[in-house]
Amino acid sequence: MYLNPINPMQLGGVLYVYKGEWDLPSIDFECLRALCLVKFARCPVKIECTNANPLKSGAGKLPYLQIGNQKFVGYGNIKKVLDKEGFRIDAFLSGKEKQLSQAYANWVFSNLHAFYHYFMFGEPNNFDVVRSLYAKRTPFPFNFYYPSTYQKEANDIINVLANFDIYDKIEKHGNESLETTAKKCVNVLSKKLGQKIWFFGDNYSELDAIVYSYLSILSKATIPNNPLHHHIKACTNLVNFINRISKDIFKNEAFNSIKTNKNTSDYLLTPTERKFLESEKRTKIIAGIGAVAAMVSFAAWRGLFSGNRKF
């Protein structure tokens, strides 16, 4: 039951997040957590993912919630304001369940956070793919350097939680222990969920939000090196949990560029993506003209040279 909440929609409440991929509503863990928060708590804010600009948040990050002239950046700040207005994600849990939800959420964080940041931002081959995804969702010209800020932040997290530096030689990366810990965590979560709809039965919780946010990306991201992908896929109940939330709760926000055909793809592209594709086309055209010119010049030079040899 909500306690006299102020309807954020009356103030033009908008949640800004990164656009999704892989049939997910966002490519970003923090954005997914914020999306789960507003959806689970049934907070009637507008979700903006096609024109979201992290530079407009005031802190250079997404997600952020704007209500009137106020901006609340990051999951923690968004949760505080929604809790204050009566939109609580754990509203239907008992006191004991709320404590367990928070304890489990913290435990999942400690077991998956470093793994997520390493294999999304630290693993060199993976980061090439992830950098492109974030770049396409960031306005020009900031898209050239902005994704690297996520890698720097990931390195700080990995330094603290895993005690190694992603900028060191690959042989010094302690990713094996991260993988072992993450797989054990997934096994426990699968056992905890069982055949239930939510981790606490019929009621959603913050634990459901954090598990979905981690595992949906780690099970669906098309990155070259993802040792948790098949492990999650083997846990059928977790796969069903992820797919159900994506299809039922985020059916309007989920996106997959591969399924977008040529007739509709331009309509769904963000302004940044359109500029990127247009610049890419121009680059190819210019490169083609340059190649032709070079070949013509070379052919002319060969002809002139051959002609001179006859005298």
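Visitor: Which conventions apply here?
Guide: The model is predicted, with local features needing pLDDT of at least 70, side-chain atom pairs counting only at pLDDT 80 or more, and totals for chains, interfaces and linings using all residues. Residues are numbered from 1 along each chain as its sequence is written, and side-chain values use heavy atoms, leaving out hydrogens and water.

Visitor: How many bridges join S3 to S4?
Guide: Strands pair if DSSP finds at least two bridges between them; helices (H or I, at least four residues) and strands (E, at least two) are DSSP runs numbered from the N terminus. Here S3 (residues 64-67) and S4 (residues 70-73) run antiparallel and are joined by four bridges. Tyrosine 64 lies opposite valine 73. Two residues separate the strands of this hairpin, and glycine 68 in the turn has a positive phi of about 65°.

Visitor: How is a pair of packed helices described?
Guide: The angle between the axes and the distance between the axes describe two packed helices. Axes are lines fitted to C-alpha atoms, for helices over the stretch in contact, with angles from 0 to 180 degrees between N-to-C directions. The axes of H1 (residues 29-40) and H7 (residues 206-220) come within 9 Å and cross at roughly 140°.

Visitor: Why are H1 and H7 called oblique?
Guide: Angles under 35 degrees count as roughly parallel, over 145 as roughly antiparallel, 65 to 115 as roughly perpendicular and the rest as oblique. H1 and H7 are therefore oblique to each other. Contact (heavy atoms within 4.5 Å) involves residues including Phe29 and Phe40 of H1 and Tyr212 and Ile217 of H7.

Visitor: What is the handedness where H3 passes H6?
Guide: H3 passes H6 in a left-handed crossing. The axes of H3 (residues 95-122) and H6 (residues 175-193) come within 9 Å and cross at roughly 140°. Among the residues that meet are Trp107 and Phe115 in H3, and Leu178 and Cys185 in H6.

Visitor: Which residues of H2 are buried?
Guide: Buried means under 20% relative accessible area, exposed over 50%, and partly exposed in between (1.4 Å probe, protein chains only). In H2 (residues 75-84), the buried residues are Tyr75, Ile78, Lys79, Val81, Leu82 and Asp83. These pack against S1 (14-16), H1, S3, S4 and H7. Glycine 86, with a positive phi near 95°, follows H2.

Conventions:
A crossing is left-handed if the near helix is turned anticlockwise from the far one by less than a right angle, and right-handed if clockwise.
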